[in-house]
Amino acid sequence: MNHSHATDKLMVELRDLNKWYGEFHVLKNINLEVKQGEKIVICGPSGSGKSTMIRCINHLEEHQKGDIIVNDIPLNEDIKNIEAIRKDVGMVFQHFNLFPHLTVLENCVLAPIWVKKMPRKEAEAQAMELLERVKIPDQALKYPGQLSGGQQQRVAIARSLCMNPDVMLFDEPTSALDPEMIKEVLDVMIELANEGMTMLCVTHEMGFAKTVADRVIFMDGGQIVEENEPHEFFNNPQHERTQLFLSQILQH
Amino acid sequence: MSSDISNSGHKPDGGSAPQSAPPLSKPKFWNDPKKRSLLFQILLLTALGFVFYTIIENTLTNLEQRGMTTGFDFLSREAGFGIAMSLIDYTEASSYGMTFIVGLLNTILIAVMGIIAATILGFILGVARLSDNWLIAKFSALYIEVFRNIPLLLQIFFWYYAVLRTLPAPRQSIEFLGSFLNNRGLIVPAPVPEDGFGLVIMGFFGAIVASWFIARWSRKRQELTGQQFPVILTSIGLIVGVPLLLFLFSGLPLGLDHPELKGFNFKGGITVIPELMALWLALSIYTAAFIAETVRAGILAVSHGQTEAATALGMSKAKTLRLIVIPQAMRVVIPPLTSQYLNLTKNSSLATAIGYPDLVNVFAGTTLNQTGQAIEVIAMTMAVYLTLSLLTSFFMNWYNARIQLTER
């Protein structure tokens, strides 16, 4: 089923990443390399640090120790580097976070116009193309509040893609959705994966992981406990903690 | 499809109950919410009508007994008293009607000046209190806590008696840029237009029109090439620069009527009386503290996810604030902001305490005392505040409705 798009170029590199919330050590010595075109699924119990880890990649969270390198740009104090990385990295949130005061189309063209200085006409044409791809071009002039959760999340994906990112981060994109809307969002994500996008997804959709992922990462207590390709990961988990976790979420 | 449902559905009046159902016993009328509500409304109206009838009847009888006349004839009689500050020509020989106009204009002047200053100051302080900069945030917090918690009247007294009244006498005026500051107020040179000043005015309006075209051109260019143009800065530059250049090259066609010390006081120039300055300072500074809190609440009401989404899209802090946070905060800010504007307008009547000639001081004060037409004067004064407040509310509600979120 899997046909990997991975090339040799490193897109995201985390080296000895450490983060603390005050006294609380959230991320402990995380090491991760993601190649261009690779799809990574990250799972683990809540509080294991998986969201925090991917939020460090575009500097929504600050890390205290270790290195993050995205698309050959080191993430450091330099605001120029942070801005450059954010332009290359798209993010989709659990609660969509669409801008409710702007139409769907405005949501999609805002960043291209103001950040990339793209001509409005071009930005709108591109946005319509992407809305077509997530199958909601007819909703372009509506406001987010007028759409269902699944539609909103698809708009959020299109909005991220409008910046032509090299990497996409998904932070539990289907956790806030009704069961019947999960599929429409996953379908869009699978399509995106098939086109060769580099993706890091925090999700518990194990079906999605089996279909799409090149690697599945299991985190617990701020550490990467286990990391394997999906078939091995699900059928032959090595660590006790992984076995317990999988038995709990795959029971039903 | 929906019409199907409504046709076959229940009728709300219960009159067409299905035939098979047993006949319903009619509820007692006091148990029927609709009838009960109607009864209470009738009772209330009757009571209100009775109260008003009694008040009017009582007043008319009393006035008749004391031999007082009612009506608005007094408005055309000569007032015979002077007013310290007037935006229109007013002398002691003017009518009582004119005192009303003078007071009204003075009230509108202080309200408009106060609203503008308080809004600007309040927005800056509100945003500043949420700043990442420790010093700025704490300074703003300190300002708000101090000025919000001291009674307004006391603040007016402070500015008037403690600050402005203690300034030196006219002979020892503080002099700067041809202006004089003393305990009689701020005296600035009055501009006197000369030949050729019309050109400057034309330049000013020409620049405004040009700015409009530039804004249009810039939008077009953005649509085609993506390049952005600093429209606001350019417009400000044009609107200030063009008239200024014309003014310089046409040989400074504006005379200045310089104030001069004659005897114990200044002649010429424009005098901003200390009462106006004190009231303006106090009202703006006091109301700004409340507006700042309103603005802060509005910004905090915008979920953090909005900022995160904008940040993740690569937008800078300033752009996020301007394009994402403030527009959404405004929806929360406008209703309480309206209340603050109304408060400021009504609080301006505290002018009486330091003798600023606003409507309450001039009309509901001196005019009322001299004519004794209490009912008419108070009614007119109340009508003014009511009208001003309703106009403000109306405008703000219109603005609020325009920016509301569309949902389903």
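The model is predicted: local features need pLDDT of at least 70, side-chain atom pairs count only at pLDDT 80 or more, and totals for chains, interfaces and linings use all residues. Residues are numbered from 1 along each chain as its sequence is written, chains are lettered from A in the order in which they are written, and side-chain values use heavy atoms, without hydrogens and water.

Chain B contributes 27 residues and chain A 28 residues to their contact (heavy atoms within 4.5 Å). Together the two chains bury about 2,600 Å², 62% of it on carbon and sulfur atoms; buried area is the accessible area (1.4 Å probe) lost on putting the two parts together, summed over both. One salt bridge is found across this interface, where a side-chain nitrogen of Lys or Arg must lie within 4 Å of a carboxyl oxygen of Asp or Glu. Glu308(B) and Arg55(A) form a salt bridge with their closest N and O atoms 2.5 Å apart.

Over all chains there are 11 aromatic pairs. Rings of Phe, Tyr and Trp (its six-membered ring) pair if their centres lie within 6.5 Å; planes under 30 degrees apart count as stacked, over 60 as edge-to-face and the rest as tilted. Two of the pairs are tabulated.

| Pair | Centre distance | Plane angle | Class |
|---|---|---|---|
| Phe233(A) and Phe234(A) | 5.3 Å | 90° | edge-to-face |
| Phe100(B) and Phe363(B) | 4.9 Å | 65° | edge-to-face |

Ring pairs also join Phe157(B), Tyr160(B) and Tyr161(B) into a cluster.
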